[in-house]
Amino acid sequence: MTETPRLSRRSLLGLMAAAGAAAVLTPSPGRAQASPPPSPPLTRPIPSSGEAMPMVGLGSWITFNVGDDPVLRDECADVMAAFFEAGGRMIDSSPMYGSSQAVIGHGLDRLGHPPALFSTDKVWISSPAAGPGQIEESRRHWGVPRFDLLQVHNLLSWERHLETLFAMKAEGRLRYVGITTSEGRRHGEFERIMRDHPLDFVQVSYNVLDREVEERILPLAAERGIGVIVNRPFRQGALTRGLEGEALPGWAAEIGCDTWAQLLLKFIVSHPAVTCAIPATTRVDHVRENMAAARGPMPDEAMRRRMAAHVEDL
């Protein structure tokens, strides 16, 4: 497989500007439809390749860990179906997530393995020698020929696992390589790895209240041409639960937000260094609501500050 050359920062900014311009173009009038399909989600280019990625993906931590229950597995497959119907691509999992990988595989099989899928998983094992075996087991659970992205989960034995992942990429058995952390842990070491290795992605926790990565991680990702995946966008549901009963501010309509979940997601994905946020859910209506956050106008920096201040005050 021929590796796509990493984009320069100028080329990346040009692609992002073009994507934003395309998003506001008005299509030519056509035949009237009773129920027009939703517009495609807004995308960001993956910095190392330029590949377009919808700004909202799908996580599977806790929500897809349903074991062998056939009803719950089919409910997860319904969530995946709604996700793909709304234009989604990136689904993220890990060996750490219990039965989530097998449940994703069940859903993909039931849906006929949608070609839009961008499969994202992790290696999470203390023994570097056991990494390839764990990756192969994960691949079998998903039922995919290869993963699009593999990440070293929470930096566990990261030195040797990164060697494995870069070798897989060089051999054409993997498209992208990344590392992950969550809840603000080990950011100093994270930065050093970002500076020293040609990563395609990093995955971090970021939301309207947890903004530490704005100081160094996100600027470094932009400088180095590294894509950013955001986990815990709702603080595992604590943010959305805490805002229940609170009225949306009137200015939320200016950025096309009908719900708090959409406002919280738009705050995240409007940061220019963020490639994709991966909220997890068990409900079809929620995945559609989340995907709607990747449509319509996005807040500018002044609006983002206003959003953060408003949620902090609540």
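E136 comes out as partly exposed, because its relative accessibility is 29%. Keep in mind that this is a predicted model. The salt-bridge partner of E136 is R140, with N and O 3.6 Å apart. R140 counts as exposed, since its relative accessible area of 52% is over the 50% cut-off. Both residues belong to helix α4 (residues 131-142), where they sit four residues apart, or about one turn of the helix.

| Salt bridge | N to O distance |
|---|---|
| E136 and R140 | 3.6 Å |
| D200 and K169 | 2.9 Å |
| R283 and D285 | 2.6 Å |

Take D200 and K169, which form a salt bridge. This one ties together distant parts of the chain, as D200 is in the loop between α6 (187-196) and β7 (201-205), while K169 is 31 residues away in helix α5 (residues 158-170). Are these two buried or exposed? Both D200 and K169 are buried.

Then there's R283, bridged to D285. R283 is partly exposed at 41% relative accessible area, and D285 is partly exposed too, at 39%. Elsewhere, salt bridges with shared partners join R211, E214, E301, R304, R305 and E312 into one network.

Now for the sheet. Seven strands make up an open sheet with parallel pairing, and the order reads β3-β4-β5-β6-β7-β8-β9. The edges are β3 (90-92) and β9 (276-277); each has a single partner strand, so one side of each has no neighbour in the sheet. For β3, parallel pairing with β4 (residues 118-123) runs over three bridges. Which residue in β4 is the bridge partner of D92? That would be T120.

Helix α10 (residues 284-292) has four names on its buried list: V287, E289, N290 and M291. Among the elements covering those buried residues are α2 (70-85) and α9 (260-269).

W61, I62, M96 and W124 make a nonpolar patch of about 360 Å². W61 is found in the loop between β2 (52-54) and α2. Why does W61 count as partly exposed? Because its relative accessibility is 38%, and partly exposed covers the range between buried (under 20%) and exposed (over 50%).

Key: Residues are numbered from 1 along each chain as its sequence is written. This is a predicted model: local features need pLDDT of at least 70, side-chain atom pairs count only at pLDDT 80 or more; totals for chains, interfaces and linings use all residues. Side-chain values use heavy atoms; hydrogens and water are left out. Two strands pair if DSSP finds at least two bridges between them. Helices (H or I, at least four residues) and strands (E, at least two) are DSSP runs, numbered from the N terminus. Buried means under 20% relative accessible area, exposed over 50%, partly exposed in between (1.4 Å probe, protein chains only). Contact means heavy atoms within 4.5 Å. Patches are made of residues with over 30% relative accessible area and no salt bridge: like charges are joined within 9 Å, nonpolar side chains (Val, Leu, Ile, Met, Phe, Trp, Tyr) within 5 Å. Accessible areas come from the Shrake-Rupley method with a 1.4 Å probe; for residues, only the protein chains shown count as cover. A salt bridge is a side-chain nitrogen of Lys or Arg within 4 Å of a carboxyl oxygen of Asp or Glu.
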